[in-house]
Amino acid sequence: MSRLDVRPFAADDIPSAGRLLAQRHRRHRLAQPLLSARFEDVEVAVEAVRAAFEADDASGAVAWRDGEMVGYLLGAPKPSPLWGPNVWVEAAGQAVTEADVMRDLYGVAATRWVPESGFKAQYVIVPATDQELVRAWFRLGFGQQHAHGIRGLPTGPPSPTKVVIRRAARADIPTLAQLEVELPAHQGLAPTFSAGKVPTVEENIAEWEEDFDDPSYATFVAELDGEVVGSAVGCALSKSSSHAGPASVDNAGFLGFAAVFPSARGAGAGRALGEAVLAWAAESGFDCVVTDWRVTNLLSSRAWPALGFEETFLRLHRLVGY
C-alpha cells in the first residue's frame, strides 16, 4: 500500500472533505433512510465542513494517499464549563475511506488539542452504523457516553396502561419544576455520574412561569391514581442545538425531556409519556421523531430503544491523562 500523508487541515481541503462527508452520509442513509437526504449533496456537505472548519478555535487533520483525500478530522471547543477543557468533533467533523486512517488523523489533530491547547475532555459524534469507525475510536481510548436515536411515526394505538396522560396545565407548574430536578439528579448518580448542575425547584418554577404558554413546546403529564408522577416535552428538532449537520433531520419532532418520580417508576409512565409525544408529532405533521440519551443512564438507555428508537449517532468520550 502506498504511503499515507497526514497533515493539519487547511481551508483548501474543504471541498475534498465535503465529498468524503457526502459519501459517508450516503452510506449511513442506506442503513437509516430517515436521516436527511440533504447531506448526500456534495455542495451541502461542503458547507457543513466549512462551518466546522470556521468554528472558533477549530483545528484538525487530513490524510491523502496517491493524490486522493482518504480522510479528515475537525474539532473545536465548546465554551461551557460543563464539558471541561474540551474539544468536540461534531457530526460533520469526520469522514474516512478506511476506518483505521482515523487513528492517524487523531494522532496529528490531538497534538494541537492536548499538548498545545489543553483540550483533555474530548467528544466525538460517530455514525452508529459504521462499526469499523467506532472500533477505530475505541482503539484510541474512547468509549460511548451518549446516543442519538430516531424512529418513524406510530402506526397503531398506544399501549394499554393504567397511567393517564394529559396536556399539562399551569396548575402543574410546581410538579413540573420538581420533575425537572429529578432528571439531572438521577444523572448524577451511579453509573452515569454526570457533572451537570442540578437546578433548584424555585429556578425551574420561574422558568416554567415565563415559558409555559410557548406554543413551540408540547408538555404532557402522567397521572397515576390521580397524582402527577411524570412529564415529557415535545418540540421540533430544530429547537435542539445538539443535533446539527448530518445529525439534523428534516421535519422531525423531538422528544426533548421526560422524567418520572422514583416512586412511580416501573408502572409504565415513561413509555406512556413517550407514546404521547410520538402521537403529538404525528398529529403535528412531523415525519419522524428524534431523541437522545446517556447510555450510562440505565433507565433511559432501555426505555427509548424499547419504544422503537434506533441509534443513529454515538457520542464517544475520552478524558486524556487519567
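Does Cys 235 count as buried or exposed, and at what relative accessibility? In this predicted model, Cys 235 counts as buried because its relative accessibility is 5%. A disulfide, after all, is a covalent bond between the sulfur atoms of two cysteines. With sulfurs required to be within 2.5 Å, the count of disulfides comes to zero, and Cys 235 is in none.

Let us turn next to the empty space inside the protein. Rolling a probe the size of a water molecule over the atoms shows where such space is left. A search of the whole structure finds one cavity of 30 Å³ or more, and the volume of the largest cavity is about 40 Å³. Its lining is made up of Leu 35, His 148, Gly 149, Ile 150, His 243, Ala 247, Val 249, Val 290, Thr 312 and Phe 313. Two elements, β7 (143-152) and β13 (310-319), each give two or more residues to this lining, and β7 has the largest share, with three residues. By type, the lining of the largest cavity divides into six nonpolar and four polar residues, with no charged ones.

From the cavity we can move on to the nonpolar cores. In soluble globular proteins, nonpolar side chains tend to be buried together. Here the largest nonpolar core has 27 residues, and those with the most contacts inside it are Leu 73, Leu 105, Tyr 106, Trp 113 and Trp 137. At least two residues of this core come from each of β2 (59-65), β3 (68-75), β4 (86-89), α3 (101-116), β6 (121-127), α4 (131-138) and β13. Helix α3 gives the most, with eight residues.

Leaving aside residues up to four places away in sequence, Trp 113 touches Ser 59, Leu 73, Leu 74, Gly 75, Val 87, Val 89, Tyr 106, Gly 118, Phe 119 and Gln 122.

Our last stop is Ser 300, which lies in helix α8 (residues 300-306). Ser 300 is buried, because its relative accessible area is 12%, which falls under the 20% cut-off. Again not counting residues up to four places away in sequence, Ser 300 touches Trp 293, Arg 294 and Pro 305.

Methods
Residues numbered from 1 in each chain as written. Predicted model: local features only at pLDDT ≥ 70, side-chain atom pairs only at ≥ 80, totals over all residues. Heavy atoms only, no water. Buried < 20%, exposed > 50% of the residue type's maximum accessible area, 1.4 Å probe, protein only. 1 Å grid on protein atoms, 1.4 Å probe; cavity = no way out; pocket = protein on both sides within 12 Å on 5 of 7 lines; lining within 4 Å. Points joined across faces, edges and corners; volume = space filled by probe spheres on them. Helix = DSSP H or I, 4+ residues; strand = E, 2+ residues; numbered from the N terminus. Nonpolar A, V, L, I, M, F, W, Y, C, P; charged D, E, K, R; others polar. Contact = heavy atoms within 4.5 Å. Core = buried A, V, L, I, M, F, W, Y, C linked by side-chain atoms within 4.5 Å.
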